[in-house]
Amino acid sequence: MEKLRIVFMGTPEFAVGILDTIIKNKYEIVGVITAVDKPAGRGQKIKYSAVKEYALQHDLKLLQPSNLKDDAFLSELQSLNANLQIVVAFRMLPETVWRMPKLGTFNLHASLLPNYRGAAPINWAIINGETKTGVTTFFIDDKIDTGAMILNKVVLISCDENAGSLHDKLMIAGSNLVMETLVIIEKGNVRTTIQEDTAEINTAYKLNRENCQIDWTKSATEIQNLIRGLSPYPAAWCIIKDNEDEWNIKIYETKMHLEKHTYTVGQIITNKKELLIAVKDGFIQITKLQFPGKKKMATNELLNGISFSKKAQAE
């Protein structure tokens with residue numbers, strides 16, 4: 001059995017959960033690599049990645065290269081003398097980096113590969129109405145999320161799941177899967193499976209303003225899935241127009257009502273407690289939203305301070 005000396009690479013909170021599990025299981029982390037510090041928010045204050053925050057709290061060796069091909073970085077990485085690298089939600093690695101350790105470099109991906117390769121697998125699984133997803137460990141190669149698979153684990157998606165709750169479930173499942181992967185690598189018992197491409201494979205495209213916008217001409221189920229899949233971050237959005245007023249709003253929680261009606265698609269129907277938007281096969285009831293310059297709030301709070309005319313429309 002070979003003692004593991006691990007370099008861990010990651011950036012967001014999801015990666016922190018995996019790193020914490022590795023450390024609590026007494027594996028040796030000889031270095032942590034994360035994104036460079038960036039200004040964020042209205043004040044443009046410098047913000048550390050979640051992984052950097054964790055590394056500083058636990059006094060771990062930390063590297064933040066802006067260029068993964070830089071000679072000085074490669075020399076410092078080599079000097080750590082790691083025999084295994086683990087990547088969780090980081091960036092594409094050059095071959096000189098992923099080939100460096102003797103035992104290879106493996107990635108934890110939040111889907112059942114080869115399905116949902118890409119930047120946002122958690123979100124797209126919900127947006128596309130999947131009832132199950134999972135986590136996969138695989139050895140990195142020269143493409144994105146295409147390497148030989150080591151292990152995977154199925155995670156069910158409940159009908160009221162959103163991206164936040166699924167993220168937490170997958171982080172726990174991913175932590176356990178990484179531990180199982182470390183055990184078989186340590187024992188030299190790794191057996192891999194080559195990914196097979198098929199026409200049915202979905203891609204987890206990077207989220208942007210366009211694919212986060214609600215199209216009210218779609219079915220209630222499709223709209224509901226989009227909102228769930230983007231909540232709490234980055235959040236689905238739309239424009240609400242009412243006479244001369246226009247607001248760009250984010251929608252976080254909804255209920256779906258399937259029924260026939262004679263309203264125009266996008267028409268807003270309100271009373272003192274409820275805000276519904278007509279769609280072709282029913283209504284989407286908004287229960288939590290955010291108006292520009294306001295905090296996220298329950299709809300009934302909003303309706304205490306604003307009223308809509310019968311001409312109000314979501315676009």
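View 1. T133 is buried, with a relative accessible area of 4% (buried is under 20% relative accessible area, exposed over 50%, partly exposed in between, with a 1.4 Å probe and protein chains only). This is a predicted model, in which local features need pLDDT of at least 70 and side-chain atom pairs count only at pLDDT 80 or more, while totals for chains, interfaces and linings use all residues. Residues are numbered from 1 along each chain as its sequence is written, and side-chain values use heavy atoms, with hydrogens and water left out. T133 belongs to strand β9, residues 132–139 (helices, H or I with at least four residues, and strands, E with at least two, are DSSP runs numbered from the N terminus). Not counting residues up to four places away in sequence, its contacts include A110, L112, V154, L166 and L170 (contact means heavy atoms within 4.5 Å).

**View 2. The largest nonpolar core.** This core has 39 residues, and those with the most contacts inside it are I6, F8, I22, I86, V178 and L182. Helix α6 (residues 163–187) gives the most to this core, with ten residues. A nonpolar core is a set of buried Ala, Val, Leu, Ile, Met, Phe, Trp, Tyr and Cys residues joined through side-chain atoms within 4.5 Å. V178 touches I18, I22, I86, F106, L108 and T137, leaving aside residues up to four places away in sequence. Apart from this core lies another, of 35 residues, among them A204, I251, L302 and A314.

**View 3. Helix α2 and its buried side.** Within helix α2 (residues 50–57), the residues V51, K52, Y54 and A55 are buried. They lie on the same side of α2 because they cover an arc of only 160° around the axis; the arc is that of the directions from the helix axis to the C-beta atoms. The buried residues of α2 pack against β1 (5–10), α1 (13–24), β2 (28–33) and β5 (62–63). Just after α2, D59 has a positive phi of about 55°.

View 4. I46 lies in strand β4, residues 45–47, and counts as exposed at 55% relative accessibility. Together I46, Y48 and L56 make a nonpolar surface patch of about 290 Å². Patches are made of residues with over 30% relative accessible area and no salt bridge, like charges being joined within 9 Å and nonpolar side chains (Val, Leu, Ile, Met, Phe, Trp, Tyr) within 5 Å; accessible areas come from the Shrake-Rupley method with a 1.4 Å probe, and for residues only the protein chains shown count as cover. K47, also found in strand β4, is exposed at 54%. K47 touches D37, K38 and A40, not counting residues up to four places away in sequence.

**View 5. Salt bridges.** A salt bridge is a side-chain nitrogen of Lys or Arg within 4 Å of a carboxyl oxygen of Asp or Glu, and by this rule the count comes to 13. D20 and K24 form one, with their closest N and O atoms 2.9 Å apart. These two residues are four apart in helix α1, so about one helical turn separates them. D20 counts as buried at 19% relative accessibility, whereas K24 is exposed at 60%. In another salt bridge, the side chains of K288 and E253 meet at 3.8 Å, N to O. This pair links distant parts of the chain, with K288 in strand β16 (residues 282–290) and E253 in strand β13 (residues 245–258), 35 residues apart. Salt bridges that share partners join K3, R5 and E28 into one network.
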